[in-house]
Amino acid sequence: MAEVRLRRAVFLDRDGTICEEVGYLNHISRLHIYPFASAAIRRLNDAGFPVVVVTNQSGAGRGFFPDSLIAEVHERIRHDLAVSGARIDAFYACPHRSEDNCDCRKPRTGMLERAAREHSLALPGSWVVGDRQADVDLAHNANARSIFVLTGYGRGEHEWHSRDWPHSPDFVVEDLAAAVDTILWREGAASKEHVPADRSAVTPEEIR
Ligand SMILES: [Mg+2]
Ligand SMILES: [Zn+2]
């Protein structure tokens with residue numbers, strides 16, 4: 001059997017991480033991508049990491065907006081980032097409510113497992129970046145590393161609740177740009193970040 005080469009990825013939360021957290025993003029007019037997002041994602045592209053968005057969108061399951069809005073928002077993000085030369089390799093959304101008890105709503109790992117199957121990714125040693133406790137717990141549940149950003153709900157969640165969290169993030173940083181600084185620093189790519197290179201290949205010593 002041919003050996004499939006797995007790559008580690010960077011999983012990004014959407015609302016509060018790539019774009020402004022507006023409560024339920026229930027209309028395309030409420031999408032505001034952070035000004036630092038495209039440059040940050042482009043650096044991940046250049047370092048060779050697959051970049052995958054994983055987002056809980058229970059507003060769809062609650063009937064606040066149609067499922068089609070999720071695809072519309074993701075197409076807009078994809079387009080607007082592409083204009084700045086940044087690429088998101090895949091988007092995954094969970095449209096369910098917590099009471100639906102699905103396997104994909106973060107902090108459950110269904111979206112990551114699906115991405116791993118569909119894109120030959122290794123979850124251990126991958127990174128999860130997000131602004132909520134669920135993102136930190138998701139990383140823990142997938143044996144990935146977590147970076148908590150203080151944008152979106154992040155600053156409030158961190159200030160008021162982080163003492164009670166069952167799992168601490170590996171890093172707490174200001175925003176996605178600082179998260180990418182952290183990833184590239186930990187991956188030893190910072191000094192050659194302008195040289196296209198595949199830093200995502202899995203080596204045993206890189207997996208905690
Ligand atoms: Mg978020
Ligand atoms: Zn779900």
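Asp175 counts as buried because 21 C-beta neighbours sit inside 10 Å of it. The cut-off here is 20 or more other C-beta atoms within 10 Å of a residue's own for buried, 12 or fewer for exposed, and partly exposed in between, with C-beta atoms placed from the backbone. Keep in mind that this is a predicted model, in which local features need pLDDT of at least 70, side-chain atom pairs count only at pLDDT 80 or more, and totals for chains, interfaces and linings use all residues. As for labels, residues are numbered from 1 along each chain as its sequence is written, while chains are lettered from A and ligands numbered from 1 in the order in which they are written.

So where does Asp175 sit? You'll find Asp175 in the loop between strand 6 (171-173) and helix 7 (176-186). Helices (H or I, at least four residues) and strands (E, at least two) are DSSP runs, numbered from the N terminus. Skip the neighbours within four places in sequence, and Asp175 is in contact with Phe36, Val149, Leu150 and Thr151; contact means C-beta atoms, placed from the backbone, within 7 Å. Ile18 is 157 residues away from Asp175 along the chain, yet their C-alpha atoms are separated by 9.1 Å.

Now zoom out. Of the protein chain's 208 residues, 40% are buried. Among contacts with a separation of 6 or more, 70% link residues 24 or more positions apart. The chain has 7 helices and 6 strands, and from the N terminus on they go β-α-β-α-α-β-α-β-α-β-α-β-α.

The 6 strands form an open sheet in the order 3-2-1-4-5-6, with parallel pairing; two strands pair if DSSP finds at least two bridges between them. Strand 3 (90-94) and strand 6 are the edges: each has a single partner strand, so one side of each has no neighbour in the sheet. From one strand to the next, the twist averages 25°, using axes that are lines fitted to C-alpha atoms (for helices over the stretch in contact) and angles from 0 to 180 degrees between N-to-C directions.

Asn56, for example, has Cys94 in strand 3 as its bridge partner.

Last stop: helix 1 (residues 37-46), where Ala37, Ser38, Ala40, Ile41, Arg43 and Leu44 are buried. The buried residues of this helix pack against strand 1 (7-12), strand 2, helix 3 (67-83) and helix 7. Just past helix 1, Gly48 adopts a positive phi of about 90°.

Key:
Two residues are in contact if their C-beta atoms, placed from the backbone, lie within 7 Å.
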